[in-house]
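Biologist: Pick one part of this model and take me through it closely, please.

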Amino acid sequence: EEYEPKLVHAATQLLTSNAHPQELAAIGVALAELQAFGHDYASQVVKNTKALGKALTERGVKALYAEQNYSDTHTPLVEYENAELAVNVFDNAGIAVNSCELPWDEPGQRTGLRIGTQVVTRRGLGEQEMVRIADAIARILVQGENPAQVRYELVLPLARAFQGVAYSFDSD
């Protein structure tokens, strides 16, 4: 009762200002899942980020901020000479990353790669799987392997093994 006026205001005027009332149920489920699983999910996202950063470093990839245990968020950062090109290469491997400017880059230059862990965590991957993801990334960035080959040997088998949704009411 305490939150109802604020929720109704947000849902009717901010989130569903058009005629799509079916979205209210999805928003309700998402909020209920956040309440039930949000802490565990967020904790695992950070654990995965730290594990991925460490595994990348061990494989010769320049993961940033090792002295700070890589990150306290969902995104380890990697420095790479041509990050924009790397985004396309990783796309061919089935690995979604995006480029970004790092604090020391010249304006318009992008040498940073953001590798988010939130989606793979939601699919149920943990620290052990971050090592496998780091293997795939290093095979492309460090060893210069064909991204399509990495996709079929590492990425697809991993994706097939984790097809569900974790941290949800649909979890096993």
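This is a predicted model: local features need pLDDT of at least 70, side-chain atom pairs count only at pLDDT 80 or more; totals for chains, interfaces and linings use all residues.

Modeller: Helices α4 (118-122), α5 and α6 each put at least two residues into the lining of the largest pocket (helices are DSSP runs of H or I, at least four residues, and strands are E, at least two, numbered from the N terminus). Numbering runs from 1 along each chain as its sequence is written, and side-chain values use heavy atoms, leaving out hydrogens and water.

A pocket here is an open set of points on a 1 Å grid over the protein atoms alone where a 1.4 Å probe fits, with protein on both sides within 12 Å along at least five of seven lines; lining residues have an atom within 4 Å of a point. The biggest contributor is α6, with six residues. Altogether 27 residues line the pocket, and Gly 94, Ile 95, Ala 96, Val 120 and Ile 133 lie nearest its centre.

In α3 itself (83-93), Ala 83, Ala 86, Phe 90 and Ala 93 are buried (under 20% relative accessible area, 1.4 Å probe, protein chains only). They fall within an arc of 55° down the helix axis, so they line one face; the arc uses directions from the axis to the C-beta atoms. Covering them, by contact (heavy atoms within 4.5 Å), are β2 (98-100), β3 (112-114), α5 (127-141) and α6 (147-161), among others.

Key
Buried means under 20% relative accessible area, exposed over 50%, partly exposed in between (1.4 Å probe, protein chains only).
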